[in-house]
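Have a look at the model first, then work through the notes below.

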Amino acid sequence: MPKKRIHLANRFLSSLPLDDFEALLPHIESVDLKRRTILYETDALLTHAYLPQDCIISLLTFMNDGQSVEMAAIGSEGMIGAVAAPATRRAIGQYSVQIAGSASRIPMADLDRIMVERPAVRHALWHVNEAIMSQTLFTVACNAVHSVEARCCRWILSTRDRLGRDSLPLTHESLAEMLGVQRSTVSAIVRQIQTAGLVSQRRGCIAVSDRAGLERLSCECYGRIKDKFDRLLPRSRGAR
């Protein structure tokens with residue numbers, strides 16, 4: 001696939017006017033990221049912005065006892081590095097690769113310079129920042145008030161949207177980690193929704209069989225987060 005097409009898999013980059021995207025292109029490289037790769041630890045200096053193409057990166061917060069909580073998940077709809085910490089340019093949590101794949105990467109110095117020179121890039125960064133912050137707030141509220149079953153369905157649906165396919169490299173263990181529950185709890189939920197015909201599963205993979213059915217079981221947060229990204233980061237025809 002041509003270099004330009006690879007990078008346009010990311011929503012932020014594809015939302016830019018063509019000339020602004022072309023200004024960024026010489027500074028962008030594509031990198032392959034393995035599952036559990038830690039891109040940044042909490043408070044680490046952010047040297048590069050990562051824009052997922054077909055991987056998913058989780059923002060994790062750790063408690064003193066070692067337990068972690070997922071605050072946000074970023075896939076092809078967003079980016080990490082240039083949002084959430086514009087003042088200090090330090091990571092607000094641990095950024096860990098949850099689902100392996102490729103990402104576009106650009107040095108922060110180049111992105112900062114181009115952001116100053118090009119208002120459209122700056123405005124797109126504001127938009128993606130607002131969308132990710134909204135996702136984080138919804139995630140906090142969701143963890144507090146919605147059932148594990150609804151949250152599990154939301155995570156499966158969101159993963160399906162980010163990867164653009166029905167067959168997902170999800171395990172019960174990885175779902176349990178992201179939801180902050182026991183593996184046995186996730187196993188019981190997945191068996192239940194499989195019996196209902198909403199998903200099928202094989203080793204290391206969960207496949208969506210009935211998207212509409214999953215949406216009915218999911219909480220309202222799924223639709224509200226998706227709508228926020230769709231409004232703030234529409235794909236630009238000129239960049240395609």
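This is a predicted model: local features need pLDDT of at least 70, side-chain atom pairs count only at pLDDT 80 or more; totals for chains, interfaces and linings use all residues.

Residues are numbered from 1 along each chain as its sequence is written, and side-chain values use heavy atoms, with hydrogens and water left out.

**Helix 10 and its cover**

- Helices (H or I, at least four residues) and strands (E, at least two) are DSSP runs, numbered from the N terminus.
- Helix 10 covers residues 220–232, and at 1.5 Å a residue its 13 residues should span 18 Å; the end C-alpha atoms sit 19 Å apart, which agrees. The expected span is 1.5 Å times one less than the number of residues.
- Contact here means heavy atoms within 4.5 Å.

**Helix 5 against helix 10**

- How do these two helices lie relative to each other? The axes of helix 5 and helix 10 come within 9 Å and cross at roughly 175°, and the pair is therefore roughly antiparallel.
- Axes are lines fitted to C-alpha atoms, for helices over the stretch in contact, and angles run from 0 to 180 degrees between N-to-C directions. Angles under 35 degrees count as roughly parallel, over 145 as roughly antiparallel, 65 to 115 as roughly perpendicular and the rest as oblique.
- On the helix 5 side, the meeting residues are His127, Glu130, Ala131, Ile132, Ser134, Gln135, Phe138 and Cys142. Helix 10 brings Cys221, Arg224, Ile225, Lys228, Phe229 and Leu232.
- Cys142 belongs to helix 5 and counts as buried, at 0% relative accessibility.
- Leaving aside neighbours within four places in sequence, Cys142 is in contact with Arg151, Arg154, Cys219 and Cys221.
- Cys142 and Tyr222 are 80 residues apart in sequence, yet 9.7 Å apart in space, C-alpha to C-alpha.

**Helix 6 against helix 8**

- Helix 6 and helix 8 (residues 183–195) have axes that come within 10 Å and cross at roughly 75°, and are therefore roughly perpendicular to each other.
- Val148, Glu149, Cys152, Cys153 and Ile156 of helix 6 make this contact with Thr185, Ile189, Gln192 and Ile193 of helix 8.

- Helix 4 (residues 108–117) has Met108, Asp110, Leu111, Ile114 and Met115 as its buried residues. They cover an arc of only 160° around the axis, which puts them on the same side of helix 4.
- Ala109 and Val116 are exposed on the other side of helix 4.
- Helix 3, strand 3, strand 7 and helix 5 are among the elements covering the buried residues of helix 4.
- Asp20 is found in helix 3 (residues 18–24). Is Asp20 buried or exposed? Asp20 is buried, with a relative accessible area of 6%.
- Not counting residues up to four places away in sequence, Asp20 touches Arg118, Ala120 and Val121.

- Two strands pair if DSSP finds at least two bridges between them.
- Strand 7 (residues 101–107) runs antiparallel to strand 3, joined by five bridges. His48 stands opposite Pro107 in strand 7, and the bridge partner of Ala49 is Ile106.
- Strand 1 (residues 29–33) also runs antiparallel to strand 7, again with five bridges. Here Leu33 stands opposite Gly101.
- Four of the five residues of strand 3 (residues 48–52) are buried, so strand 3 is largely enclosed by the rest of the structure.
- Five of the seven residues of strand 7 are buried, so strand 7 is largely enclosed by the rest of the structure as well.

- Three strands make an open sheet in the order 8-10-9, with antiparallel pairing.
- Strand 8 (167–168) and strand 9 (199–202) are the edge strands, each pairing on one side only.
- Two bridges link strand 8 to strand 10 (residues 205–208) in the antiparallel sense, with Ser167 opposite Ala207 in strand 10.

Definitions and conventions:
Buried means under 20% relative accessible area, exposed over 50%, partly exposed in between (1.4 Å probe, protein chains only). The arc is that of the directions from the helix axis to the C-beta atoms.
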